[in-house]
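Q: I would like a close look at a single part of this protein, followed by its setting in the whole. Please treat the matter in one connected answer.

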Amino acid sequence: MNKEQFTAEVLHAESSLYHIAWSILGNDEDCADAMQNAILKAYEKRDTLRREAFFKTWLTRILMNECYSMLRRRREQVPYEDYFAEQVQTQAKGESEVFAAVMALEEKYRIPVVLYYVEGFSVREIGKMLKLSCSAVKTRLYRGRNLMKADLTGEDGYEK
């Protein structure tokens, strides 16, 4: 893959990468850093990409690894009080109920939901990215939908 093709593919995937980074990190500055680092790593290793048809999946996996790495570093550095205050502040921004329900999901359900419903990846592609079987991805999507449904509706089954 030459430089021009790489640039075009990255620009095409940019908004998708941002959504994925946001669903993991939940912070604009961290998302930008993670995207920049992932793109740089992908550029340096672009000759290791076996099939160009899977560029977006490959780049997404690099981005996810970078996001998880940032989370590990953040956990080591951020006091709990600061983290909690950041979460409360994020909730106060007036997010939509559906967005809040997605962000309230446990990470193992949130990532597949965002990749499938927001970014349009197939179950098979998500399985490759997350190193899961297709049935495991389907199960996580099913459980994520059910958890969101329970969150968005009352216990009696009626909307809040």
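Does Lys128 count as buried, partly exposed or exposed, and what is its relative accessibility?

A: In this predicted model, Lys128 has a relative accessibility of 43%. Buried would require a value under 20% and exposed a value over 50%, with partly exposed in between; Lys128 therefore counts as partly exposed. The residue belongs to helix α7, which spans residues 123-130. Along the chain, Lys128 and Arg61 are 67 residues apart, yet their C-alpha atoms are separated by 8.8 Å.

The wider setting is helical. The protein has eight helices and zero strands, and its pattern along the sequence reads α-α-α-α-α-α-α-α. Of the contacts in the protein with a separation of 6 or more, 67% are accounted for by residues 24 or more positions apart.

One pair of helices may be described in detail. Two packed helices are described by the angle between their axes and the distance between the axes. For helix α6 (residues 107-118) and helix α8 (residues 134-152), the axes come within 9 Å and cross at roughly 100°. Angles of 65 to 115 degrees count as roughly perpendicular, and α6 and α8 are therefore roughly perpendicular to each other. On the α6 side, the contact is made by Lys108, Tyr109, Pro112, Val113, Tyr116 and Tyr117. The α8 side contributes Arg140, Leu141, Arg143, Gly144, Arg145, Leu147 and Met148. Sorted by class, the contact of α6 with α8 comprises eight nonpolar, one polar and four charged residues.

The cysteines complete the account. A search of the whole structure finds zero disulfides. Cys31, for its part, is in no disulfide, and the nearest cysteine sulfur, that of Cys67, is 6.6 Å away; a disulfide would require the two sulfur atoms to be within 2.5 Å. With a relative accessibility of 0%, Cys31 counts as buried. Cys134, by contrast, has a relative accessibility of 35% and therefore counts as partly exposed, the class that also applies to Lys128 at 43%.

How values were computed: Residues numbered from 1 in each chain as written. Predicted model: local features only at pLDDT ≥ 70, side-chain atom pairs only at ≥ 80, totals over all residues. Heavy atoms only, no water. Buried < 20%, exposed > 50% of the residue type's maximum accessible area, 1.4 Å probe, protein only. Helix = DSSP H or I, 4+ residues; strand = E, 2+ residues; numbered from the N terminus. Contact = heavy atoms within 4.5 Å. Axes fitted to C-alpha atoms, helices over the stretch in contact; angles between N-to-C directions. Parallel < 35°, antiparallel > 145°, perpendicular 65-115°, else oblique. Nonpolar A, V, L, I, M, F, W, Y, C, P; charged D, E, K, R; others polar.
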